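I opened the notebook to record what I looked up.

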Amino acid sequence: MSAKLGEILVRENLLTPQQLREALDYQREHGGRLGFNLVKLGLVSDDMVTAVLSRQYGVPSVNLDLFEVDAAVLRLIPREVAEKYSVLPLSRVGATLTLAMVDPTNVFAMDDIKFMTGLNIEPVVVSEAGVQEAIEHYYAQSREIELATAVDAALAGSNGNGNGNGFHMGTDSVSLDHLDFDEGAGEDVQVIDEDDEIDVTSLARMSEDAPVVRLVNVLLVDALGRGASDIHIEPYEKDLRIRFRIDGVLYDVMHPPMRLRDALISRIKIMSKLDISEKRLPQDGRIKIKLKADGRSRELDFRVSTLPTLFGEKVVMRLLDKEKLMLDMTKLGFESESLVKFQRNISKPYGMVLVTGPTGSGKTNTLYSALQSLNTSETNIMTAEDPVEFNLVGVNQVQMKEQIGLNFAAALRSFLRQDPNIILVGEIRDFETAEIAIKAALTGHLVLSTLHTNDAPSTISRLMNMGIEPFLVATSVNLIQAQRLIRRVCSECKEVHPTPAEALIEIGFTKEEAKSIKIYKGRGCAKCNNTGYKGRVGLYEVMEITDDVRELILIGASALELRKRAIEQGMLTLRQSGLMKIKNGITTIEEVVRETVA
């Protein structure tokens, strides 16, 4: 913008090239905008600069000296926001706010003020010096008006005689003219820790303000539109950040004003039926909303988790969209031989099938797909989950409640008295849960569960470290599957990307494969938000517990030995699964290297 303004002034003979160079040198030394420095140096007038900016941006220019701003309009924008963006609210007509701006192209300023006020913004251009003087003049005046109003309210509350509500007016009445606003004023003010007392009524009232309600609604709908799986609301000392997790990667979405922090978080807590007065402990809740999208009505669930951090509560909302739940196992990304093994073992009448991987690797989706394929009128399926993410028709799902003693172990004991055929345990976290699950697998039940381990063979070591005997592990476990989720190349902007053969050999391809393989990448388009990726697919490492592997478990073999034997018997590792997806043009080298090891 600086260069453009200078060029225009020179072109219109309002400034000489020598004067422009002088002003640019001054700007480099002292900072600030070029227009402000030109006026400061006395090279051009304020009116000249605003007239040029008006033509440059295509918006009207105004002289603030000719305006008288109403106090009600001024209260729409706090002083700190006005100073931060060099803006001043001028007038309001209906749902439109006329905003004086030094830089009318600052969309961040307009977006923040639009959310803050709930009004449409109509920008007009003003000079920087003019807006700074106006902010100083109007907001200093505003402070006096607000103090006067506060004193008037106190006097009114005293029933006219100055003795009501503990407010006493002596014979020497207080005059606003005697109040000192110098820098030394207010040094005796005592700051009360905000954790000492929480005004719940005030929080509830703030959360019902139209801009806050609208902001939360926009966030929820926008998350659906962008295909986000999680919304992160994170307060810091001087910033409030909102991020979306899209296809496993977090993206910055917006930075609302800090003044909305408490109202925004309270609104979400009210919607998810949480205690808004409790800010010191983590809380979990759920939001269920109905919205119209693409001309039809849809129901969405959000799982809400709050966590106290140094500068306020962090909120994470996970979007549970039933329509995105893929229950067809053939579409999850299994290689054909891995899918055959998995289907064969979940079809057995008893034994244990374990799915492992980090949080967000699609374990729940895989297990729900397995249950869906096994869900018939002849089968009694019981699940213990924390939390229950999706409701499955025909499946008896139980939500864990640790606070009343309903944990995985307690639920499992009750399940065994409920005549189940198939039991799903959300997660094996401790020895007690593992022991009951294994006993259930050994007494004629098919048990499905999850664990957090890096790969399939190390799951055996993890169970033994929990205290389970090797012979129990060897006889109860039928199959262990490790998995990850990686991003797919966008089908709309997919193109061949030349890659050196050495790089392909380094990640695991043979020399022959490296010569013939075509590597694809996404160029970036509107459909994939210019990331080159759209959607995700699974990598699967399926280890079937054969008689050979059982013998190794019984003699206490290491995860390394188990891995070697499983590969000899045809197990595809996570890296090999990734290489096959690169070969088929489904994903990129970077995605596979990010999630797997050779």
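Below are my notes on aromatic pairs, one tyrosine and a surface patch.

I am working with a predicted model, where local features need pLDDT of at least 70, side-chain atom pairs count only at pLDDT 80 or more, and totals for chains, interfaces and linings use all residues. Residues are numbered from 1 along each chain as its sequence is written, and side-chain values use heavy atoms, with hydrogens and water left out.

Entry 1. I searched the whole structure for aromatic pairs and found three. Rings of Phe, Tyr and Trp (its six-membered ring) pair if their centres lie within 6.5 Å; planes under 30 degrees apart count as stacked, over 60 as edge-to-face and the rest as tilted. Phe334 and Phe342 are stacked, at 5.5 Å centre to centre with 25° between the planes. Phe334 also stacks with Tyr540, at 3.9 Å and 10°. Phe334 lies in the loop between strand 9 and helix 12 (336-346) and Tyr540 in strand 18 (residues 533-544), so this pair ties together parts 206 residues apart in sequence. I took helices (H or I, at least four residues) and strands (E, at least two) as DSSP runs, numbered from the N terminus. Phe334, Phe342 and Tyr540 form one aromatic cluster.

Entry 2. I looked up Tyr85, which lies in helix 6 (residues 79-85). Tyr85 counts as buried because its relative accessibility is 14%; buried means under 20% relative accessible area, exposed over 50%, partly exposed in between (1.4 Å probe, protein chains only). Tyr85 and Asn106 are 21 residues apart in sequence and 8.4 Å apart in space, C-alpha to C-alpha.

Entry 3. I checked Leu310, in the loop between strand 8 (296-309) and strand 9 (312-320). Leu310 counts as exposed because its relative accessibility is 77%.
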